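Hello,

The structure you asked about is below, with notes on a few places in it after that.

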Amino acid sequence: MAASADPEIVVIGCGISGIAAAHRLVRAGFQRVRILEATARSGGRIKSGRLGNNITEIGASYIHGPSEENPVFCLARDYGLLDAEALKPENQAMYIDERPHWSPNWFSSSGQRLSAELMRPAMDMFNELMDETEQFHNRRETPWPSVGHFIRSEAQQRAAEKWKDKDENTRELLLCGLSAKLKDEVCASATHTMDEVDLAGFSMFEGLRGLDCNLPGAFEDLTKNLMSELPADLVSYNRPVRCIHWNDTENGVGTVTVECDDGEGIAANHVIFTVPLGYLKKHHSTLFRPPLPAHKLHSVQKLGFGTCNKIYVEFESPWWDADCDIIHLVWEDEGDVLVHIKDISKSWIKKMSTFTVLKYCERGSHVLCGWISGQESEYMESLPEEELRSSITELIRTFTGNSAITPRGILRTQWFHDPWTCGSFCYPAVGVTAQDLENMMEPLPVKGSQSQPLQVLFAGEATHPCYYSTIHGALLTGWREADRLISHYTTVSPRPLFRKFEPETPPFMVISTGSQPETVSQPSAELTVCNVSSWDPEMSLGVNSKVVVVGCGISGIAAAHRLVKAGFHHVRILEATARSGGRIRTGRLGDNIIEIGANWIHGPSEENPVFCLARQYGLLDPEALTPENQTMDIGGHPPWVPNIFTSSGRKLSAEDFDPAKEMFIELLIESADFQSKGGEPCASVGDFIRSQVQQRAAEKWKDVDAATRSLRLCLISTMLKVECCVNGTHSMDEVGLGGFGLYETLPGLDCTFPSGYEGLIKNLMSELPADSVTYNRPVRCVHWNNTENGVNTVTVECDDGERVAADHVIVTLPLGYLKKHHQALFHPPLPLHKLHSVQRLGFGTNNKIFVEFDLPWWDANCEVIYFSWEDEDAMVDQVPDVHRSWIKKLFGFTVLKPTERYGHVLCGWIAGHESEYMETLPEQEVMQNITQLIRRFTGNPTITPRRVLRSQWFHDPWTCGSYSFPGRGCSVQDLENMMEPLPTKGSQAKPLQVLFAGEATHPYFYSTVHGALLTGWREADRLISHYTTVSQSEPPKSKL
């Protein structure tokens, strides 16, 4: 990338996140990047040391989850820093859920050696309880406030039941074993006690696949390699920062001034702040002028930050088994499953329960690493080394019963008293939510400010929403903030690219003179593409290139159609199934045409290419073609006439419904506004709507009786379920509030295809060469950057073994399939920033259940039917027991119109896990549930459907769901990453090897057919532009 400006960027802190940010910016072409580091070294909390001749890790010890999804693993592999064991595919594929399968030795405080078999019940129960913490993820209310309270309460109860046949001594010993494991978890969370770790927030942390590994040399080798690729003068060492003055109007150039301790004032356009949370907690009041915004400061204070220290101990000979990986110490007076030490100064050593065995030791040397956390750990730092050695020696002699054991050497870490860290790493303290982690990463000034944006950006492990406390989390946040600036300064195609369609404009008028196009061409609503023969002869380089399109849905068809019309001779579509159309699929219910997949043209107007094509092919009825229909702006909310029924069999009037509906739509509109103005108060749309309804209902409906208020809240639940279907999500709690407003609507009253949506596909396909598509040909892997082939750089490997050589591949697969199969689908793997965007973007299931009746039980003018359960005034959009209550997720039906065409057919809508479960049921059971539902809500026990037909998109192996939505934490950058071709910009490899299309790659028409179609055109135009040599200022001359 070439920056369109040359901003001054100051990175504060030369830990892994600061290095990653600077590295990314420098590689992107930014020339004025400077790191200010308070100490004399790089690496921050990555710090290697020595005990005798052995390398020890003072800071970070492990690559957690060493697999293709972990950037630290990928970098270490690329720098040649890993051993052969860590590189084994089976090690990378192993999912350990943060609990490595280590071989243990157990010892008790009475000097007994305990067998692993004896202690297994304690291990199993502890692991079982830790797994169960997942059920409380993001719960508003939990029976226990913390992980510690949950573990203790449940352990005592389950021990009484599960171990009732064991003798009292064994039971007590196993409970003491649970205490030892709880101390392990205290170290893993760097907290004083697990009573400080929020139960609902605990599972926000996400593990990665792979068996945790070390760097055989030293972890510092990673930072050394990264630093070697930066300019030598980029870092100023021993340069602590006193204060960051942002919104600084005194400086005429930059809007930020960084004031250093030595008095130097550095003017900057942007500052990336990567200082540890412990330091930020302690010094925030002097570090920022003006102070941090209240909501950000509150999150800084709420998020936990504790101390976990290591004590390395070297021995002449081992006193543990040869295959031992970890040693557990069980204090036999801790059967209450507590980890509180009453007198820290006398008994701090009791907080230690674990040693891990170092496997990379010099010959003749045997080293253990002891782990200790919390206030006891902080106290340990203050002890003289001789006293520390004496305490460790006594501890080991007590537990082994061997008074001859004497350590050769000891080395401890002291992170709490390090003035620049003030501890080790962060954890979700009681009361912390996902919103706090999002607040941590929010730049200053906050969205909606009129000041220069992105003055102060925040990186570091405590700013990652799910990989906090890890090196890969810290590194990713450095990349994230660098990408935020790169995106800010990158010249991107203007938004009108997909907003206005001018048929008279040549489809590849915007030309790149380099190897990569700077912009892509403007799509035309009509497919009247000029044949390439009227262009410069050198375009023949393009028309003879081999292009493989993976997937024959609307985006794949659109791409191939565009390329063929432009004169490309070697375009081939590989389709995994036996049909074209992908998620456009028309079926029949009796004699009636129904849409299994896409239903409507959303926004049927001149700006919508699907509407223009359908009109061109004569596929629409006269009503859809009227000017008033095309100009109507419904804002995504069709003005349908409703019938509303309740679970007690009542039919409600529009007056009953309107107050809830108006409040809900008002809040949806406000939810969308946060994308542009920022400052979102909640992480998700669901959280925002519920919190706001509670507040506004108390005020607006205060004069309404309790029963009416309750009914309106139940109607809000119904509307939430409607919105789940609209977004294709399980719950609106999964839809990011900040990203919700990325979606844009088009004018026009949504319309359908009288003869089926597949008519559009058939017309487009009829204009392609007959042999363009190979059906029943799933793709196993796309091999790009393929140097084996001397001519083509991409090889598409099919499931049947065929290998198709290509110059370019356009991948149009659904995001659901990509999420599930990305690891096997690309070789080399997807770049990490692209992969993380694939993971962050949401993809859910929205199914339909078509029901035909002999007679209608709804009003003649009715267009939509809502069902409201009168026990859902808690504003819920998911059911507690999917198996028993899945039917409660179905919000109601839309009425297929006109009746003369469809008869009496309704389309039921259901999204999320309940929808996925519905797919597994026998059709007869589905019909039975639907019948009971309708009879209950109408109060009419005689209503009987004639027949039922459902869609099953989740279990379709080629889609794995319906369509995409912006998940929590998803940003516009993720949508831009989705459409980025491979290799990425800046690579020396052949450009545009793999291009990406499909609805999930459109920045604001995602989840729609027109969005999918436009992305197919976009990627075709990218290739056309790449091969065209005519400049924009010299229009093509006709050869006639």
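Leaving aside neighbours within four places in sequence, Thr938 is in contact (heavy atoms within 4.5 Å) with Phe645, Gly649, Trp857 and Ile943. The model is predicted: local features need pLDDT of at least 70 and side-chain atom pairs count only at pLDDT 80 or more, while totals for chains, interfaces and linings use all residues. Residues are numbered from 1 along each chain as its sequence is written, and side-chain values use heavy atoms, with hydrogens and water left out.

Thr938 belongs to helix α29 (residues 923–938); helices are DSSP runs of H or I with at least four residues, strands are runs of E with at least two, and both are numbered from the N terminus. Thr938 counts as buried because its relative accessibility is 18%; buried means under 20% relative accessible area, exposed over 50%, and partly exposed in between (1.4 Å probe, protein chains only). A polar atom of the Thr938 side chain lies 2.7 Å from the backbone oxygen of Ile934, and the Thr938 side chain reaches the backbone nitrogen of Asn940 at 3.2 Å.

Next, helix α7 (residues 220–228). Its buried residues are Glu220, Leu222, Thr223, Leu226 and Met227. They sit on the same side of α7 because they cover an arc of only 155 degrees around the axis, taken from the directions from the helix axis to the C-beta atoms. Lys224 and Ser228, on the other side of α7, are exposed. The buried residues of α7 pack against α1 (16–27), β3 (48–51), α2 (71–78) and β7 (235–236).

Regards

Notes:
Polar contact = N/O pair within 3.5 Å; in protein donor to acceptor, adjacent residues only side chain to side chain.
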